[in-house]
Amino acid sequence: MSRRNNRVGVTLGVLPLLGMLTAACWAAAPEGEQAGFWVDPDTAGARKARVLAERGREAEASLLRRIADRPVAVWLTEENPTPRVARITEEAAGDGQVPIFVAYNIPQRDCGHYSAGGAGSDSAYRRWVARLAQGLGNRKAVVVLEPDAVPHTVAGCRNRARADRLALLDEAVRTLKARPGASVYVDAGNASWIKDIDALARYLSSAGVKRADGFALNVSNFQTTKVSEEYGDKLSRALGGAHYVIDTSRNGNGPPPDGQDQGSDTESWCNPPDRALGTPPTTHTGHPLVDAYLWVKRPGESDGTCRGGPPAGQWWTDYALQLVRGSLEPPQAPEPPRRPDQESPQQPSPEPPQRPEPQQAGAASAFPAPAADPVTSHAPTSPATASPASP
């Protein structure tokens, strides 16, 4: 497995042929900075931070700026993405920055699971991709192509011919890569999902990944960067050395523990407690195959109405604050294991166990569910996917 090298920063030599990653745009960025990605000044998080500051709640506003001041992906789901894509790419180009988009409109999306929808037909999808490309023009942009589409196809997509879906993705790659400034990464799921790396590589190849700039991992998921890189390196080898990007938006504490939702109808991926922001977006990854760490999932937007959350894609201030605070807390050091012959320290006699307070019906854990904030995002929904729960 290829691991981190000792380079400081990223040079053009370790990147694939990415139209957007020019020396002028990236190589001069200091280590740890977001390296020229476009920051939307009017996200729901940015607006909420301004409101809190106006109300004298500067401490909370400062925490939210750790999200609001970072570049996050723009999810494209509307029928005609041309106007918005054109506006954003023009604004970004004027500032010397590169926007990140998620193309999320393939027919049946996740095959009728949690994020149903998408274009109504194959021909409608081709027209949609052409409109996206039209909006890009010749300007620079990163496009993460169709989260979960390939992994769901590997796993078996109901009511959908596998070859047809892969052919649609291959056409989308061709259409987008015809734009000289577009860098395209085909989504490959996450490290906890498809275990057959060779099968996933075959399907990605049929979806055009070798004509793209690489693949994307961990979108809307919580797998750690280390685990994602180990998985990504294996997949890269199966693809002949493909590069990749990782969504680090909420992986600071890794995935929720197994059994967290035992006996509950709540999926572990849906607004799990005690998670944290991950590495901020940057091209300075220190890994020769990882082109960037990106915030693809928009941190602070709900995964759905589980655990007291608002509908998927709506801004949730309390959860956003939890993600920020989780990223600021030092990791807990594990207790050293005790030798079998080591005596336990004398403990006082235990008190009788207290009867636990009853939980509300349907509560998934003892973690207090934050109240949903009325401020909602005007950006398109970035729904959670079924991938974290898929075997």
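Visitor: How many residues of strand 7 are buried?
Guide: Five of its five residues are buried, and strand 7 is therefore called mostly covered. Keep in mind that this is a predicted model.

Visitor: What makes strand 6 and strand 7 a pair?
Guide: Two strands need at least two bridges to count as paired. Strand 6 and strand 7 have four bridges, so they pair, and they do so in the parallel sense. Look across from Asp247 and you find Leu294 in strand 7.

Visitor: What joins strand 2 to its partners?
Guide: Three bridges link strand 1 (residues 74-76) and strand 2, in the parallel sense. Four bridges link strand 2 and strand 3 (residues 141-145), also in the parallel sense. The cut-off is at least two bridges, so both count as pairs.

Visitor: Which way do the residues of strand 2 point?
Guide: Strand 2 covers residues 100-103. Ile100 and Val102 point one way, Phe101 and Ala103 the other way. In a regular strand, side chains alternate between the two faces of the sheet. As for cover, Ile100, Phe101, Val102 and Ala103 are all buried.

Visitor: Which elements make up a right-handed β-α-β unit here?
Guide: Strand 1, helix 4 (residues 82-94) and strand 2. The test is to look with the strands pointing away from you: a clockwise path from the first strand over the helix to the second is right-handed. This unit is right-handed.

Visitor: Why is helix 4 called roughly parallel to helix 5?
Guide: Helix 4 and helix 5 pack at an angle of about 25 degrees, with their axes 7 Å apart. Angles under 35 degrees count as roughly parallel, so that is the name for helix 4 and helix 5. The crossing of helix 4 and helix 5 is right-handed.

Visitor: Why is the pair of Tyr125 and Trp128 called stacked?
Guide: The structure holds four aromatic pairs, and Tyr125 with Trp128 is one of them. Their ring centres are 6.0 Å apart, and pairing needs centres within 6.5 Å. Their planes are at 15 degrees, and stacked means under 30 degrees, so the pair is stacked. Tyr125 and Trp128 are three residues apart in helix 5 (residues 122-136), so about one helical turn separates them. Both Tyr125 and Trp128 are buried.

Visitor: How do you know that Phe215 and Tyr244 are stacked too?
Guide: Apply the cut-offs again. Phe215 and Tyr244 have 5.0 Å centre to centre and 10 degrees between the planes. That is within 6.5 Å and under 30 degrees, so they form a stacked pair. The pair links distant parts of the chain: Phe215 is in strand 5 (residues 214-217) and Tyr244 in strand 6 (residues 244-247), 29 residues apart. Both Phe215 and Tyr244 are buried.

Visitor: Why is Gly156 called partly exposed?
Guide: The relative accessible area of Gly156 is 36%. Buried needs under 20% and exposed needs over 50%, so Gly156 falls in between. Gly156 lies in the loop between helix 6 (149-155) and helix 7 (162-177).

Visitor: Why are Asn271 and Arg307 called buried?
Guide: Buried means under 20%. Asn271 has a relative accessible area of 2%, so Asn271 is buried. Arg307 has 14%, so Arg307 is buried as well. Asn271 lies in the loop between strand 6 and strand 7, and Arg307 in the loop between strand 7 and helix 10 (317-328).

Visitor: What is the phi of Asn271?
Guide: Phi of Asn271 is near 50 degrees, a positive value in a residue other than glycine. Arg307, not a glycine either, has a positive phi of about 50 degrees.

Methods. Residues numbered from 1 in each chain as written. Predicted model: local features only at pLDDT ≥ 70, side-chain atom pairs only at ≥ 80, totals over all residues. Heavy atoms only, no water. Buried < 20%, exposed > 50% of the residue type's maximum accessible area, 1.4 Å probe, protein only. Phe/Tyr/Trp six-rings, centres within 6.5 Å; stacked < 30°, edge-to-face > 60°. Axes fitted to C-alpha atoms, helices over the stretch in contact; angles between N-to-C directions. Parallel < 35°, antiparallel > 145°, perpendicular 65-115°, else oblique. Left-handed = near helix turned anticlockwise from the far one by under 90°.
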